[in-house]
Each structure stands twice: as C-alpha cells, then as structure tokens.
Amino acid sequence: LPPVVPKFKENKSTTIANKITVYLPFEEQNDILNLIAPFKDYDFFVYHKFETLSVKDNIHLCPFSRNGFLNDLMECGGVITNAGFELVSEALTIGKKILLKPLAGQMEQLSNAKAITMLSLGQVMKRLDRSVVGNFLNLPQASPINYHYTAEIIADMIDLRAWTDMNRFVKESWANVNIIF
C-alpha cells in the first residue's frame, strides 16, 4: 500500500521557495550549521535538540515540535533529512524537493535512498556535502504525488474483514498515483 500520511491541506501559494526545513537528528548540530551557513539566500529551519527557538542570521534553530515542524514542512520549498520512510513520504505527498542523507548501516535508509534516486524523486548525499546542498537548492519545486488516503483504505479492509482480497485493495490504492514503477 502507499504510505500512510496525514491529510495535508497545502496551498501552493503559501510555499516559500527559499525556505528549507532541515531534520538531521543523528548529525552533530555544528556539522549541520557549518553545512548550510554559506547559503545566505535561503532561510533554514533546523529541527534538532535545541532547548529554545533562536535565530542566527538565516538559520532558525528549532526545538522538536510536531506542530511547528508540520507548519514549516507545509511552507518550505525543500527538505534536507535522513532517508526514513515517514518524512520522505510526507514531503513527496505535498510536493517538496528532498535531499536525503541516509544513515550509514541502516538498510531501510539505504533502500529508501536508492528508491528515491531510481524514481528521480529527490537527491541523495552519502555525507554532509556543501556542493550537493548547493545543487539541491537550485533544483525546481517538486510536484506532489497524489497518494490515496491509505488510512481509509486500511479502515475499509478492516471494516469489510477483507483479509483474503488484499490484491484489490493494493490495486485500488495505487490507481491514479502519478509515479511509474
């Protein structure tokens, strides 16, 4: 089935192209700040283990907050993150360009990054790399992927007790999704 993501109500007119949401919780804070500091034409909203919200030039240091994060995700033009499934799925759903830095030794992350690359849905960097970030920032906006609301499909399966007809639900859930596999 497609990923289970929240129902987003995005308005493209609220997208701020030079706003970038950064979520790299397994990287050192200083390494992240050094990575993005040269890109003064962009506003970075970095979510990490910060105690309070603060701003240093064009970099917003944001403590973890699901609501704040989702608001920044909705407004941003792109996302720099690890290659976990949930955030990548959310970003693709609402049409955000993505730059992934998979965690070394994490098979799921490596597989997700490979799939994103093969489907031409985003960029990948093996290590924190300014030149890759620079190339990513210059990419055009992404188009949203119109997944069906998978939670409703799963609820219907449960409600109908349709355990033996999984193929029907899988086919219906991928119908009209604008990615080619």
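The tour goes from aromatic rings to a pocket, then to lysines over rings and a few loop residues.

This is a predicted model, in which local features need pLDDT of at least 70, side-chain atom pairs count only at pLDDT 80 or more, and totals for chains, interfaces and linings use all residues. Residues are numbered from 1 along each chain as its sequence is written, and side-chain values use heavy atoms, with hydrogens and water left out.

**Stop 1: the aromatic rings**

A pair of aromatic rings is described by the distance of the centres and the angle of the planes. Here, rings of Phe, Tyr and Trp (its six-membered ring) pair if their centres lie within 6.5 Å; planes under 30 degrees apart are stacked, over 60 edge-to-face, and the rest tilted. By this rule there are four aromatic pairs.

Select Tyr23 and Phe64. Their rings pair edge-to-face, at 6.1 Å centre to centre and 80 degrees between the planes. Tyr23 is in strand β1 (residues 16-23) and Phe64 is in the loop between β4 (59-63) and α2 (66-75), so this pair ties together parts 41 residues apart in sequence. Helices (H or I, at least four residues) and strands (E, at least two) are DSSP runs, numbered from the N terminus.

The cut-offs: buried is under 20% relative accessible area, exposed is over 50%, and partly exposed is in between (1.4 Å probe, protein chains only).

Phe69 is buried, at 8% relative accessibility.

Ring pairs link Tyr23, Tyr47, Phe64 and Phe69 into a cluster.

**Stop 2: the largest pocket**

The pocket holds about 300 Å³ of space. A pocket is an open set of points on a 1 Å grid over the protein atoms alone, where a 1.4 Å probe fits, with protein on both sides within 12 Å along at least five of seven lines; lining residues have an atom within 4 Å of a point. Grid points are joined across faces, edges and corners, and the volume is the space filled by probe spheres set on the points.

Next, colour the helices. α2 and α3 (85-93) each supply at least two lining residues. The largest share, four residues, comes from α3.

**Stop 3: lysines over rings**

Select Lys19 and Phe45. Lys19 lies over the face of Phe45, 4.2 Å from the ring centre. Then select Lys97 and Phe136. Lys97 lies over the face of Phe136, at 5.3 Å from the ring centre. A charge sits over a ring if NZ of Lys or CZ of Arg is within 6 Å of the ring centre and within 35 degrees of the ring normal.

**Stop 4: two loop residues**

Most residues other than glycine have a negative phi. Select Asp57, in the loop between β3 (54-56) and β4. Its phi is positive, near 60 degrees. Asp57 is exposed, at 70% relative accessibility.

Finish on Ser120, in the loop between α4 (107-118) and β7 (123-124). Ser120 has a positive phi of about 55 degrees and is exposed at 63% relative accessibility.
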